[in-house]
Amino acid sequence: MVHKKIRILIAKPGLDGHDKGAKIVALALRDAGMEVIYTGLHQQIEQIINTAVQESVDIIGLSIMSGAHMPICKKLIKDMQAQRLDDVKVAVGGVIPFQDIAGLKAIGIAGVYPGGTPFEEIIEGIQNIVSEKT
Amino acid sequence: MGVAKYIKDEKDAVKEVIYQSGIRVKPVYTPEDLDAVGFEYARDLGEPGEYPFTRSLHPKGYRSRAWTTRQYTGFGTPEETNQRFKYMISHGQTGLNVAFDLPTQMGFDSDSPSALGEVGRVGMAVDSLRDFEIAFKDIPLDKIGSGLTINAVASIMLAMYQALAEKRGYPKDRISATPQNDILKEMIGRGAWIFPVEDAVRLVGDSIEYSMQELPRCNPVSICGYHIRESGATPAQEIACAFEIAKAYIADVSGRGIEPDAFVGQFSFNFNVFGNLWEQIAKFRAARKLWAKMLREEYGVQDKKKLFLRGLFGGGGSGLTKAQPENNIMRSAFYALGAALSGAQTTALCSFDEAYTIPTPRAALLSLRTLEILMEEVGLRDTVDPLAGSYFIETLTCQMEEKILEEMKAIQATGGMVNAVSKGYIQRKVARQAYEYEKGLQEGEYVKVGFNKYVEEDGDQPDVDLHKYNEAWADAQVERLNSLRRERNDQAVKNALETLEKAAVQKKNVMPPLVECCRSYATVGEMAGVFRKVFGEWQEPQLF
């Protein structure tokens, strides 16, 4: 059976400019055979959603290092629900304390990958998230 | 991060050691190695405090003066930050290094929609001079120097610092501020850029020119190899990038008809300390030498003090791990040892909990204590450049010099730093390297204790106290901003902003009108807004 290639949007929301994590994860996912689109820095939530729609991605991977992951994720999920983008999943990585993982999952984030998560775990996680939705 | 590659045989004996900068290390060094690299004492070292300053900037090193300690500090509102400043100073810290929140760094006021969720989070919120008045309350500005870790709007912060000093009655020539102000490195790593490259570089030039004329004790720019290293550069690339960036700023200011000799003495640098100990030491010694040589030979600078590679060697964030965070306390101590053995003039350390959040007071204090122990207990002040004459260190220093020169040539071959950044050459290169390194780390090619060796089952969920973000800080900050807008003289603000806009349009030095804007309590968002209107915003090159 031939699987369609996973399309993922790696996105840097908000003002945080620390993008090494986003870039290396983008490269790792590409090496794992996914089609990766990278938004670049300083993206507003609306821009990220628009790009996700235009590029017909399966999943959005947010990279957040500033500590503002809760407010940013809440807004993204809310805006996606308002636009009925139910078939696009969201994962988040960055400086995320373990204490916050359950809270992120509770608002609908499908995968949480704090800094230091092995590539393999991220790749498998994303493959699982995307295959579950279909 | 930052570990050398060790190739071992089946009995665990080390067969080969390869440093990140590409240097292969031999098991034994002898005088023959010095001959092989053409080492000459007078030319390559000289006396401490003498050209080319490989050994030290000062004849007696730390004997005459210990390093300045400047832990990176700031969060919440200016009140919280002021308390933390005083806490650190009361524990022996000798300088400040101010962290600003992202809205401030990106030129937005605390009530801007773009600031939502970010006010006071990674640093303190600053909207106007009123915030500076609170943050620096009771800090003697003629005795304590302040690093201002901000770049895109550094010119605004330098102007605000001057306005603050005036209000507090300090003469301009007595205050010492070091705005980071290195926009080209923001475009390579860290990412807090706003304006297009050409305008952004001119803003840096404006603050250099202005400081030369008005603020003799300020260092208008602190060029950061630091963040480029954090983004994936090797130690040799870190120095090479910083020097090529410095050349871009020199070109801007000398393009105004000013001789480099008049301003390069005020440049400072910020370099990273994580990684292999010997490679870092050789890096700093080679960098001091190369900078002095470059200024003298290429730019004709003669005055000895203007040839000094001054700056902060510290941090080490990318060397720290999230796993087993207490290990970071030991790691940082060794990084600081390297900085001390390299003759670092100013230093700071990342705290052990920074892979989680910004440091708690206890973690910040531990970092400061580490630096104090090095200077006061274990003998780092005893004698200047204690490693000089080591066959290994001197050979390595000469080899590092060659590596740095090679990397500088590679940047020059792309048309210089401004072009390399505009086209994304450097960004792509360091991102690729960071990825390859991270892969090597995950595959065990490099050892990181607690992360890929000696791993603990539950090492993933350590028991660390976390600094808590308080949402009430944002409300308090917005409230202060609202009352400022009610109380200030609107006409004075309007006039000052109009003068600023004219200067920006006519490409005149914006510093004098910025100082006037700050005096009138114009906000950071208003001043940066003028620049956004006149210059527009940078479009990042497509990286992949």
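This report describes the core, helix packing, chain contact and selected residues of a predicted model.

**The nonpolar core**

In soluble globular proteins, nonpolar side chains tend to be buried together. In this model, the largest nonpolar core has 200 residues. The residues with the most contacts inside this core are Ile8(A) and Val92(A) from chain A, together with Met160(B), Tyr161(B), Tyr249(B) and Leu514(B) from chain B. The largest share of the core is supplied by helix H10 of chain B, residues 235-254, with 12 residues. Met160(B) may be taken as an example of the contacts made. When residues up to four places away in sequence are not counted, Met160(B) touches Leu129(B), Phe132(B) and Cys518(B).

Two packed helices are described by the angle between their axes and the distance between the axes. Two such pairs in chain B have helix H11 as a member, and they are treated in turn.

Helix H11 (residues 277-299) of chain B packs with helix H14 (residues 391-413) of chain B; their axes come within 8 Å and cross at roughly 60°. Because of this angle, H11(B) is oblique to H14(B). The crossing of H11(B) past H14(B) is right-handed. On the side of H11(B), the contact is made by Trp278(B), Ile281(B), Ala282(B), Lys283(B), Arg285(B), Ala286(B), Lys289(B) and Leu290(B). On the side of H14(B), the residues are Phe392(B), Ile393(B), Leu396(B), Thr397(B), Met400(B), Glu401(B) and Ile404(B). By class, the residues of this contact comprise 10 nonpolar, 1 polar and 4 charged.

The axes of H10(B) and H11(B) are 10 Å apart and the helices pack at an angle of about 25°. H10(B) is therefore roughly parallel to H11(B). This crossing, too, is right-handed. From H10(B), the contact has Pro235(B), Ile239(B), Phe243(B) and Ile250(B). These meet Glu279(B), Gln280(B), Lys283(B), Ala287(B), Leu290(B), Trp291(B), Met294(B) and Tyr299(B) in H11(B). The residues of the contact divide into 9 nonpolar, 1 polar and 2 charged.

**Contact between the chains**

Chain A and chain B also meet: 28 residues of chain A are in contact with 35 residues of chain B. On the side of chain A that touches chain B, helix H1 (20-31) and helix H3 (69-82) of chain A each supply at least two residues. H1(A) gives the most to this side, with 6 residues. The side of chain A that touches chain B has 16 nonpolar, 8 polar and 4 charged residues.

**Backbone geometry in loops of chain B**

Most residues other than glycine have a negative phi, and most peptide bonds are trans.

| Site | Feature | Value |
|---|---|---|
| Tyr51(B) and Pro52(B) | cis peptide bond | omega about 0° |
| Asp385(B) | positive phi | near 45° |
| Lys507(B) | positive phi | about 55° |

Pro52(B) lies in the loop between helix H2 (41-45) and strand S4 (68-69) of chain B. Asp385(B) is in the loop between helix H13 (361-376) and H14 of chain B. Asp385(B) counts as partly exposed because it has 19 C-beta neighbours inside 10 Å. Lys507(B) belongs to the loop between helix H18 (490-505) and helix H19 (511-519) of chain B. With 11 other C-beta atoms within 10 Å, Lys507(B) is exposed.

Asn419(B) lies in helix H15 (residues 417-423) of chain B. This residue is partly exposed, as 14 other C-beta atoms are within 10 Å. Asn419(B) and Val197(B) are 222 residues apart along the chain, and their C-alpha atoms are separated by 9.3 Å.

Ile329(B) is part of helix H12 (residues 327-341) of chain B. Ile329(B) has 18 other C-beta atoms within 10 Å and is therefore partly exposed. Apart from neighbours within four places in sequence, Ile329(B) is in contact with Phe352(B) and Leu366(B). From C-alpha to C-alpha, Ile329(B) and Asp35(B) are 39 Å apart in space, and they are 294 residues apart in sequence.

Definitions and conventions. Residues numbered from 1 in each chain as written. Chains lettered and ligands numbered in written order. Predicted model: local features only at pLDDT ≥ 70, side-chain atom pairs only at ≥ 80, totals over all residues. Core = buried A, V, L, I, M, F, W, Y, C linked by C-beta atoms within 7 Å. Buried ≥ 20, exposed ≤ 12 C-beta atoms within 10 Å, placed from the backbone. Helix = DSSP H or I, 4+ residues; strand = E, 2+ residues; numbered from the N terminus. Contact = placed C-beta atoms within 7 Å. Axes fitted to C-alpha atoms, helices over the stretch in contact; angles between N-to-C directions. Parallel < 35°, antiparallel > 145°, perpendicular 65-115°, else oblique. Left-handed = near helix turned anticlockwise from the far one by under 90°. Nonpolar A, V, L, I, M, F, W, Y, C, P; charged D, E, K, R; others polar.
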